[in-house]
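Welcome to this tour! Open your viewer, keep the selection tool at hand, and follow along stop by stop.

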Amino acid sequence: MKILFYNHTGQVSGAERMLLMILSRMDRQTFEPFLVCPPEGSLTKMAFQLGVKVEPLKSLEARFTWRVDHLLLYVVSFLKAMRELRRKVKNHQPDLIHANSIRSGLVATAATIGLKPPVVWHLHDLLPPHPISSLIRLFAALSGRSVMIAVSAAVARNFRGRLSSPLNERISVILNAIDLDKFQPDHFSKRRIRKELRFREPDFVVGTVGQITPRKGQLELLRAFRVALNESPNMVLLIVGAPLFNRDHEYLDTLRSTATKLGIGNKVRLLGARNDVASIMQTLDLLVVNSKAEPFGLVIVEAMACETPVLAAAVDGIPEIIQHNENGWLVSPGDEAALAEGIVKLSRRPEHRARLANRGMQHAEAHFSADRYLVDLHAFYRSRLKKLGSQSAESTTRVTEVAEVA
Ligand code: GLC
């Protein structure tokens, strides 16, 4: 069975790491995957290393905006990507298209109007309150050929919006997973990285790992960390990740200048992107995730699997992974005082920390393994293909009608 994976960007962030995990583990006896994505960024090379065929396609420029001139540019970019993808689908005749984001799903569904293959939208994002979000929901609801995998129940709820009825049974939640062979406790690597980064023995290493972008709340974390240092001075903060999109380079500059202004420049290390994230997770004494919105939060599961305790904001998908004071520590989103307090509390209670970390590891092993994921995904493909096969005649007509109205 031929599966065309389409990713609208070539940059690698959480959604692409999930895609790479799927590609590396997929049952190649039954499924023949190939990837279509823009050549810019490291996705092409990484997929290629997994022995997956990759074909380039123009990068899709499309963001939520209120600016009409930008919207027009995005529409043009969308139409181009759509045309190119349609050509590829006609050439390759895949049995199914797995579109790895909401944007990819939109392009793929629109590109294949009148063609046969079902389109799986892999929902890794939350739709913001915006009229375009309502249009996306409507389009998805009207396309009977499209089904969705949501990375958390929070994402499923958000995507459904108020249009519950038509989308309800077409969205399945498959919680993300990680490669447990890669993420596991490793004291040797912990020592090596601490040495490389020249930490002193008593340093308590707090870290945050993810794209540098306001949504991840690194700026607020810096401020909370400043407060926490008053109580627990032997701490350092590692900020791991790089700006990838939009104007996030400016945000990185703000993080740097804020650390200096707060007088904690020597306590904060901005490491940039690392390709040894597992070693970083093994090194941290505490992972902090201070996101303002988080569809899932792969880094949480990665840290848990390494037996690293996690302190996170209870937002969107995160409470589906962490149970407060059971396998991690949750604080209300946006509450800097609670964040600072949480850091201090956990830094001072090694036994409590170890207990949470140990339960976290067990939780990750039991619920977030790649093996479990691939079983769920294969079953999803099979059941959907069966169902969609029998519906395809009817839904093609419906989507064609929508296209004509649009
Ligand atoms: C996106 C989301 C993140 C999720 C990842 C994988 O990057 O922002 O929360 O973990 O996709 O689904």
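Two strands are said to pair if DSSP finds at least two bridges between them. Helices (H or I, at least four residues) and strands (E, at least two) are themselves DSSP runs, numbered from the N terminus. The model on your screen is predicted: local features need pLDDT of at least 70, side-chain atom pairs count only at pLDDT 80 or more, and totals for chains, interfaces and linings use all residues. Residues are numbered from 1 along each chain as its sequence is written, and side-chain values use heavy atoms, with hydrogens and water left out.

**Stop 1: a pair of strands**

Select residues 119-123, strand β5, together with β6; the two pair in the parallel sense over five bridges. To see one of these links, show Trp121, whose bridge partner in β6 is Met148.

Now keep β6 (residues 146-150) by itself. Is this strand buried or exposed? Buried means under 20% relative accessible area, exposed over 50%, and partly exposed in between (1.4 Å probe, protein chains only). Five of the five residues of β6 are buried, so the strand is largely enclosed by the rest of the structure.

**Stop 2: a helix and its cover**

Next, select residues 68-92, helix α3. How far apart are its end C-alpha atoms? The expected span of a helix is 1.5 Å times one less than its number of residues. For the 25 residues of α3 that should give 36 Å, and the end C-alpha atoms are 36 Å apart, which agrees.

Colour the buried residues of α3: Tyr74, Ser77, Ala81, Glu84, Leu85, Lys88 and Val89. An α-helix has 3.6 residues a turn, so residues three or four places apart point the same way. What covers the buried residues of α3 includes β1 (2-6), β2 (32-37), β3 (53-56), β4 (96-99) and α4 (102-111). Click on α4 as well: nine of its ten residues are buried, among them Ile102, Leu106 and Val107. Just after α3, look for Gln93, which takes a positive phi of about 50 degrees.

**Stop 3: two loop residues**

Move to the loop between α8 (187-196) and β8 (204-209) and pick Arg198. Its phi is positive, about 55 degrees, although Arg198 is not a glycine. At 71% relative accessibility, Arg198 counts as exposed.

Then go to Asp316, in the loop between β12 (310-313) and β13 (329-331). Asp316 also has a positive phi, near 45 degrees, and it is partly exposed, with a relative accessible area of 30%.

**Stop 4: a buried phenylalanine**

Select Phe225 in helix α9 (residues 218-231). With a relative accessible area of 0%, Phe225 is buried. Which residues does Phe225 touch, not counting residues up to four places away in sequence? Taking contact as heavy atoms within 4.5 Å, they are Val206, Met235, Val236, Leu237, Ile264, Lys267 and Val268.

**Stop 5: two crossing helices**

Finish with helix α13 (residues 336-348) and helix α14 (residues 350-367), whose axes come within 5 Å and cross at roughly 100 degrees. That makes α13 roughly perpendicular to α14; angles under 35 degrees count as roughly parallel, over 145 as roughly antiparallel, 65 to 115 as roughly perpendicular and the rest as oblique. Axes here are lines fitted to C-alpha atoms, for helices over the stretch in contact, and angles run from 0 to 180 degrees between N-to-C directions. Show Leu346, Ser347 and Arg348 of α13 with Pro350, Arg353 and Leu356 of α14 to see the contact.
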